[in-house]
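Here is a short report on one protein model.

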Amino acid sequence: MSRPLIEVDPTRSVEEQREVLMNRWHPDIPAVVSVKPGDTFVVECLDWTGGQVRNDDSATDIRDIDLTPNHVLTGPIHIDGAQPGDLLIVDILDVGPHPKQNWGYTGIFAKQNGGGFLTDHFPEAHKAIWDFHGVYATSRHVPGVRIPAIPHPGIIGTAPSAALLNKWNARERKLISQDPNRVPPLALPPEPRNAIFGKLLPGTPEYERIAREGARTIPPRENGGNRDIKNLTRGARAFLPVHVPGAKLTVGDLHYTQGDGEITFCGAVEMAGWIELHVDIIKDGMNKHNIQHAMFIPSPIEPRFARYLVFEGYSVDEAGEQYYLDAHVAYRRACLEAVHYLMQFGYTGEEAYTILGAAPVEGHISAIVDIPNACCTLWVPTEIFEFDILPKKDGPHPMVQGGKIAHA
Ligand code: ZN
């Protein structure tokens, strides 16, 4: 592999290497490097928190994470010749853990600090460390599973135009105004604290302006961004809308693996790492193909499972309240069913929740027309478990005790 075009070091602080990092979306963040259509190159990325999570057995770091610097991303990368309206073709040729850090983590975020998909059921912070063994990850905090890699960038996107950025800020502020004190919040407005724009330093007028306007990187939007799609793995081809000259490609939030929905919020196996990319351009591609959002072609190389146990959920909430075709409620109920099922084998709720966030489970909207219930399904590959999790006539045998597998 050729020497990375942009290097970072997970053993050093964000501050020491901020010249190649950024953590907001804005058209005026200066590019770190330039490449040409047809180029292949490698860039390195810190984990999304910029090293706030330690390889230890306490979740206090997850509980106390400062979310204002997140996501810590690498870029932007200027693509010569890219113009607004083009489609950027990004081939994700390979992705791997950083040579200095062969481990990752999954966090359940506290409700007070962002929460997760099941935060009303799991309001406390929890952490699992995963050790990487080539294409498999195991965790001393989640016994009885070995999950295969489907490494991918949680975030890959382009810079918004000034007009698009204004549109985002307006529509998100409108949503926030519906319930400004909600915990967790409905959305996050621009946050000047701990904003990073490469070589632009705090105190300069340009920095302060971008810090006031720059959009947070948490949601996916019309520039791609934080989609957290596990299938954007090595071998996938992404098509990204271009909104500014040079496209300003940014990448980061690398995941070793992840389940559909990334339900614990920090639910993938988060890692520092490297990604090899090839870029090209379809001139005026947004127009020619009449698209506004990113698209992708999945990889020919993904984990292959033969057997799943599929959990179902409908749009009736935990209290029995009926919702109209609500896929959010339906998927939550499917996930809760899976958590409760796995707990019968001795897992704690947090361990089961962590497995569903981190392992490459499939989430499907199976039906969305059968009024009043949407039907969402959660597909759990049974082969990730060291023991048989299928239903039995004599019921489940507890296989996990006190964080260890009970070998008969
Ligand atoms: Zn992530």
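## Layout and domain contact

The chain splits into domain 1 (15–297) and domain 2 (308–407). The model is predicted. Taken over C-alpha atoms, the domain centres are 27 Å apart. Domain 1 gives 32 residues to the contact, and domain 2 gives 30 residues.

Together, domain 1 and domain 2 bury about 2,400 Å² between them. Carbon and sulfur atoms carry 70% of that area. On the domain 1 side, Phe 117, Phe 122 and Pro 143 lose the most area to domain 2. These residues together make up 24% of what that side buries.

The count of salt bridges between domain 1 and domain 2 is one. Lys 230 forms a salt bridge with Glu 362. Their closest N and O atoms are 3.2 Å apart.

Are His 255 and Glu 270 buried or exposed? His 255 counts as buried because its relative accessibility is 0%. Glu 270 also counts as buried, at 2% relative accessibility.

| Pair | Sense | Bridges | Residues facing each other |
|---|---|---|---|
| S7 (residues 126–133) and S8 | antiparallel | four | Asp 131 and Thr 138 |
| S8 and S9 (residues 142–148) | antiparallel | three | Ser 139 and Val 142 |

The S7 and S8 hairpin has two residues between the strands. In that hairpin, Gly 134 takes a positive phi near 60°. S8 and S9 also form a hairpin, with two residues between them.

Ala 137 and Ser 139 make up the covered face, while Tyr 136 and Thr 138 make up the uncovered one. In a regular strand, side chains alternate between the two faces of the sheet. Thr 138, on the uncovered face, is the residue opposite Asp 131.

## Helix H6

How many of the ten residues of helix H6 (residues 349–358) are buried? Nine are, so the helix is largely enclosed by the rest of the structure. Among the buried residues are Glu 351, Tyr 353 and Leu 356.

Terms used: Residues are numbered from 1 along each chain as its sequence is written. This is a predicted model: local features need pLDDT of at least 70, side-chain atom pairs count only at pLDDT 80 or more; totals for chains, interfaces and linings use all residues. Side-chain values use heavy atoms; hydrogens and water are left out. Buried means under 20% relative accessible area, exposed over 50%, partly exposed in between (1.4 Å probe, protein chains only). Two strands pair if DSSP finds at least two bridges between them. Domain bounds come from an automatic or database domain assignment. Contact means heavy atoms within 4.5 Å. Buried area is the accessible area (1.4 Å probe) that two parts lose on being put together, summed over both. A salt bridge is a side-chain nitrogen of Lys or Arg within 4 Å of a carboxyl oxygen of Asp or Glu.
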